[in-house]
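This report describes a protein model, one topic at a time. Please look over the sequence and the structure before reading on.

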Amino acid sequence: MTTTAGTTPSPRALTRQRRRVSVARFWRQYRGERAGLYGLTVLALCALLALFAPLFVGSDVSSVTDAPGRPMQSPSAGFPLGTDQFGRDLLGLVIWGSRVSLLVGLLAAVLSVAIGTLIGVTAGHFKGWYATVMMRITDWFLVMPTLVLAIALATVMSRSLTTTVVAIGVTTWPTTARLVRAQTLAVETRPYIERALALGGGHWHVMSRHVLPNVMPLVLAQTTLIISSAILAEATLAFLGLGDPTVVSWGGLLQDAREAGAVSAGDWWYLVPPGLAIAVVALAFTLCGRAVEAVLNPRLGVSR
């Protein structure tokens with residue numbers, strides 16, 4: 001292939017062109033997954049709402065002293081989702097809480113996948129005693145209840161968003177490590193790995209240039225699936241009172257509703273909106289993850 005000037009394009013230009021072709025092919029196949037499109041639409045709307053939340057509700061929405069309504073008002077024209085125990089607008093709180101819930105879920109998922117990918121690739125490449133030790137540690141984390149470990153970490157560390165991210169991230173990586181190691185073992189049996197080693201390629205070269213690009217589709221699909229679990233875990237920690245009390249999140253709103261006695265009083269408007277938001281976003285991420293997995297894994301069959 002030549003350019004208009006008759007010269008051969010540079011390797012970097014060829015790489016960019018191949019990436020553009022791959023992205024276009026991925027999008028064509030993804031559009032065939034109707035459930036994935038629904039999930040992506042919901043996530044796009046939620047992301048835009050969280051990003052522009054200050055324009056809709058303002059940063060003073062969580063203020064207790066300047067609450068605009070009376071405590072525990074039922075939904076009305078002035079307050080579509082009612083008010084909380086302090087008289088704050090629940091619609092504004094749900095919109096503002098999306099920023100924290102989505103951010104913590106995304107960061108925790110990225111941390112979890114990064115740890116799992118690092119351990120999976122290295123254990124699959126080096127094998128021997130290193131792989132044995134890493135897989136036994138992975139097995140230990142797999143058999144331990146993830147939520148119990150996250151609660152233990154969140155209890156001994158300071159209550160902050162960083163603590164929540166770390167508590168979720170360091171307890172949810174074993175599944176990714178197992179999947180990535182299996183894929184790494186499959187990739188390293190291919191002939192071009194042997195040629196790279198025969199030509200003097202070191203461990204870092206083989207893992208970064210040959211193994212990692214081949215496991216990235218799996219990592220991408222796993223990330224979208226873990227985000228939904230991370231959002232649910234963040235909501236659980238916040239509901240148990242282990243989140244940052246200075247920020248508004250969906251799980252924190254459920255915790256406030258429980259403390260205010262909304263369950264026994266039948267104040268459904270305090271419970272349903274944040275709970276429904278958690279369920280919808282978690283379902284949307286799951287739909288996107290399944291669609292990405294179906295597109296990137298040919299064994300699942302992309303066309304229907």
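## Cysteines

The sulfur of Cys288 is 11 Å from the closest cysteine sulfur, which belongs to Cys46, and this is too far for a bond. A disulfide is taken here as a pair of cysteine sulfur atoms within 2.5 Å. The structure holds 0 disulfides, and Cys46 is accordingly in none. Cys288 is buried, because its relative accessible area is 6%. Buried means under 20% relative accessible area, exposed means over 50%, and partly exposed lies in between, with a 1.4 Å probe and protein chains only.

The model is predicted: local features need pLDDT of at least 70, side-chain atom pairs count only at pLDDT 80 or more, and totals for chains, interfaces and linings use all residues. Residues are numbered from 1 along each chain as its sequence is written, and side-chain values use heavy atoms, with hydrogens and water left out.

## Nonpolar cores

In soluble globular proteins, nonpolar side chains tend to be buried together. A nonpolar core is defined as a set of buried Ala, Val, Leu, Ile, Met, Phe, Trp, Tyr and Cys residues joined through side-chain atoms within 4.5 Å. The largest such core in this model has 45 residues, and those with the most contacts inside it are Val211, Trp250, Val281 and Phe285. Two or more residues each come from α2 (34–51), α4, α8 (174–187), α9 (191–198), α10 (203–239), α11 (250–259) and α13 (268–296). Helix α13 gives the largest share, 11 residues. Helices are DSSP runs of H or I with at least four residues, strands are runs of E with at least two, and both are numbered from the N terminus.

Which residues does Val281 touch, not counting residues up to four places away in sequence? They are Leu43, Cys46, Leu102, Ile231 and Trp250, where contact means heavy atoms within 4.5 Å.

Ala277 is a residue of helix α13. Is Ala277 buried or exposed? Ala277 counts as buried because its relative accessibility is 15%.

Leaving aside neighbours within four places in sequence, Ala277 is in contact with Val94 and Trp250. Ala277 and Trp250 are 27 residues apart in sequence, and their C-alpha atoms are 7.6 Å apart in space.

Thr122 lies in helix α4 (residues 90–126). At 10% relative accessibility, Thr122 is counted as buried. The side chains of Thr122 and Tyr130 are joined by a polar contact of 3.0 Å. A polar contact is a pair of N or O atoms within 3.5 Å; within protein, one must be able to donate a hydrogen and the other to accept it, and residues adjacent in sequence count only if both atoms are side-chain atoms. With residues up to four places away in sequence not counted, Thr122 touches Lys127, Tyr130 and Met207.

Lys127 is in the loop between α4 and α5 (128–143), and is partly exposed at a relative accessible area of 37%. Most residues other than glycine have a negative phi, and most peptide bonds are trans. Phi of Lys127 is a positive value, near 55°. Met72, in the loop between α3 (53–56) and α4, also has a positive phi, near 55°. Met72 counts as partly exposed, at 23% relative accessibility.

## Aromatic rings

How many aromatic pairs does the structure hold? The structure holds 7. Rings of Phe, Tyr and Trp (its six-membered ring) pair if their centres lie within 6.5 Å; planes under 30 degrees apart count as stacked, over 60 as edge-to-face and the rest as tilted. One of the pairs is edge-to-face, formed by Trp129 and Tyr130, with 6.2 Å centre to centre and 85° between the planes. Trp129 is exposed, with a relative accessible area of 68%, whereas Tyr130 is partly exposed at 26%. Trp140 and Phe141 also form an edge-to-face pair, at 5.1 Å centre to centre and 90° between the planes. Phe26, Trp27 and Tyr30 form one aromatic cluster.

Arginines also sit over rings. The charged end of Arg99 is over the ring of Trp96, 5.0 Å from its centre, and Arg258 lies over the face of Phe239, 5.7 Å from the ring centre. A charge sits over a ring if NZ of Lys or CZ of Arg is within 6 Å of the ring centre and within 35 degrees of the ring normal.
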